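Open the model in your viewer and keep the selection tool ready. We will go stop by stop.

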Amino acid sequence: MTEDRTKLQWPKLATAIRAAREARGLSQVTLAERAGISEGSVQNLEDPARRPGRIPPSLAKVEPHLGWAEGSGLAILHGGDPTPIPVTHDVSASLRGGADRLRGKLPLRIVDELESDDPLLDSQVIQLPGTDGVRMTVVVHGTPDATPEEIQKALLAWRRAERNLRRLSGDDDEPQAANGA
């Protein structure tokens with residue numbers, strides 16, 4: 001039995017890909033480079049009018065760069081939502097490599113937080129309004145041993161807080177954040 005591809009929600013997928021890319025502060029070119037695909041492939045994925053005859057291989061290649069778990073694109077095509085990738089302890093561990101350098105630049109409480117073994121869920125760099133290059137850096141840690149549902153809840157709470165920060169910064173129309181991952 002073959003799948004009825006006429007019921008796939010291509011416009012929803014296109015909108016979700018573009019929104020996730022922009023939320024991470026990525027251009028189409030940057031996403032294409034990171035995913036190892038052409039810029040045209042990204043443009044095709046983001047085109048709500050396209051209805052390919054097959055699932056493009058580029059879909060699986062962009063998922064991790066959008067912060068989505070494997071299969072999230074297919075879930076969206078079937079009317080669902082993407083599953084965020086929880087960032088593992090390895091990312092926090094990589095921050096510890098530069099701890100000595102950071103200790104000379106940052107307050108100890110910030111270095112201690114960056115060195116935490118709690119899982120890193122996200123990070124963003126947000127331009128402050130009315131400034132020439134002044135940025136705010138936000139690092140979002142989860143709780144140790146969190147369930148996938150708790151991680152999802154934490155990420156949703158962070159997205160709400162991030163929207164509020166962007167509104168305060170006057171940056172809610174065109175995100176200029178760059179994901180730190």
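Select E46 first. Leaving aside neighbours within four places in sequence, E46 is in contact (heavy atoms within 4.5 Å) with A14, I17, R18, R21 and Q28. E46 is found in the loop between α3 (39-45) and α4 (57-62). Helices (H or I, at least four residues) and strands (E, at least two) are DSSP runs, numbered from the N terminus. E46 counts as buried because its relative accessibility is 9%; buried means under 20% relative accessible area, exposed over 50%, partly exposed in between (1.4 Å probe, protein chains only).

A note on the model: it is predicted, so local features need pLDDT of at least 70 and side-chain atom pairs count only at pLDDT 80 or more, while totals for chains, interfaces and linings use all residues. Residues are numbered from 1 along each chain as its sequence is written, and side-chain values use heavy atoms, with hydrogens and water left out.

Next, select L13, I17, V62, L66 and W68. Of the 19 residues in the largest nonpolar core, these touch the most other members. Such a core is a set of buried Ala, Val, Leu, Ile, Met, Phe, Trp, Tyr and Cys residues joined through side-chain atoms within 4.5 Å. Its largest share, five residues, comes from α1.

Now go to S72, in helix α5 (residues 72-77). S72 is buried, at 2% relative accessibility.

Finish at strand β1 (residues 120-127). Six of its eight residues are buried, so β1 is largely enclosed by the rest of the structure. β1 pairs with β2 (residues 135-141) in the antiparallel sense over seven bridges; strands pair if DSSP finds at least two bridges between them.
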